[in-house]
Each structure stands twice: as C-alpha cells, then as structure tokens.
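Please keep the structure open in your viewer and follow the stops in order, selecting each residue or element as it is named.

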Amino acid sequence: MATQQPAANAALLGRCIFIVEDDCVTAMDLAETLTAAGAEIIGPAGTIANAFELLHGRPLVDIALLDVEVEGAFVFDVADELVRRSVPIVFTTGYERGEIPARFRTARHCEKPVGIAAIARALSDELQRRTPG
C-alpha cells in the first residue's frame, strides 16, 4: 500500500466513496487504501446490478470511482444516476478519453494501468476542487 500525502488524507477523511470495480484484487486494494485514509466505502460493486443495489436507499455519496467496463458492461447508466445526484465521478479505464461518452468528458479520468496512490490522489484532488473555501 502506497503512502499518501497528508492533504490527500484530509480530503478523504469522513468522505463516502462509492466504488465500482470488477477486478477483485484492485477493488480490495482500493477499499483498504481509502479506508485507511479515513473514507467510508460503499461497495466495491463488481457488477452493474450490484452497483444499483448499493445505491438504492443510499442518498449520500461524496464521490464515485467507476471502472468504465464492469463484467463486460459499460458503467454509464450508473454514472448517469450519480450525475443526477450531483456526485462527482472519477473513471478508471483502459479506454482512451475520447471513447468516453461526451456527457462524461469533464469527469476525471485515470487511464489503466494506474496505481492505487494515483487514484487516491485523483479522488482527493476532485473533492478539494469541489469543496468551497
């Protein structure tokens, strides 16, 4: 597990992070790293159906980390629901930015392979960017 910067830890502390990732090892590493930084994790969801189940009845999500393709299905319906809730999204993907639908092109994009520490920084940066003050 990589060491994070103190600012990254502060930005993640107490935040509710929704993870959709179908690679078990990556999902576990993400959950462990972000939990150690003080975040509350929803998921990780390994399928689109599981993602919607986890979101159902869960009104508060601070930020979402979404693998673009999960078990052979694109995650864009889940992303649309999160956008409706005004939840910022960070995509992780092997796809190039140009392959992401135009409606999500302003979302942060981490191209795989990407390290867990870099993903944590991207989440932290996005949360800090959206936090007033």
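Select T93 and display what surrounds it: leaving aside neighbours within four places in sequence, T93 is in contact (heavy atoms within 4.5 Å) with D67, V68, I100, H109, C110, E111 and K112. T93 lies in strand 6, where helices (H or I, at least four residues) and strands (E, at least two) are DSSP runs numbered from the N terminus. T93 is buried, with a relative accessible area of 1%; buried means under 20% relative accessible area, exposed over 50% and partly exposed in between, with a 1.4 Å probe and protein chains only.

Before moving on, note that this is a predicted model, in which local features need pLDDT of at least 70 and side-chain atom pairs count only at pLDDT 80 or more, while totals for chains, interfaces and linings use all residues. Residues are numbered from 1 along each chain as its sequence is written, and side-chain values use heavy atoms, with hydrogens and water left out.

Next, select E21, which lies in the loop between strand 1 (16-20) and helix 2 (24-36). E21 is buried too, with a relative accessible area of 4%. Not counting residues up to four places away in sequence, E21 touches T26, A27, A45, G46, D67, T92 and K112. With G46 also selected, you can see that the C-alpha atoms of E21 and G46 are separated by 5.3 Å, although these residues are 25 apart along the chain. The side chain of E21 also reaches the backbone nitrogen of D23 at 2.9 Å.

Now select helix 4, residues 76-84, in which F76, V78, A79, D80, E81 and L82 are buried. Against which elements do the buried residues of helix 4 pack? They pack against strand 1, helix 3 (48-55), strand 3 (63-67), strand 5 (73-74) and strand 6. Helix 4 is followed by S86, whose phi is positive, near 60°.

For the last stop, show the largest pocket, which is lined by 13 residues, with V83, I89, T106, A107 and R130 lying nearest its centre. A pocket is, on a 1 Å grid over the protein atoms alone, an open set of points where a 1.4 Å probe fits, with protein on both sides within 12 Å along at least five of seven lines, and lining residues have an atom within 4 Å of a point. Strand 6 (89-93) and helix 5 (116-130) are the elements that give two or more residues to this lining, and helix 5 gives the most, with three residues.

Technical notes. Polar contact = N/O pair within 3.5 Å; in protein donor to acceptor, adjacent residues only side chain to side chain.
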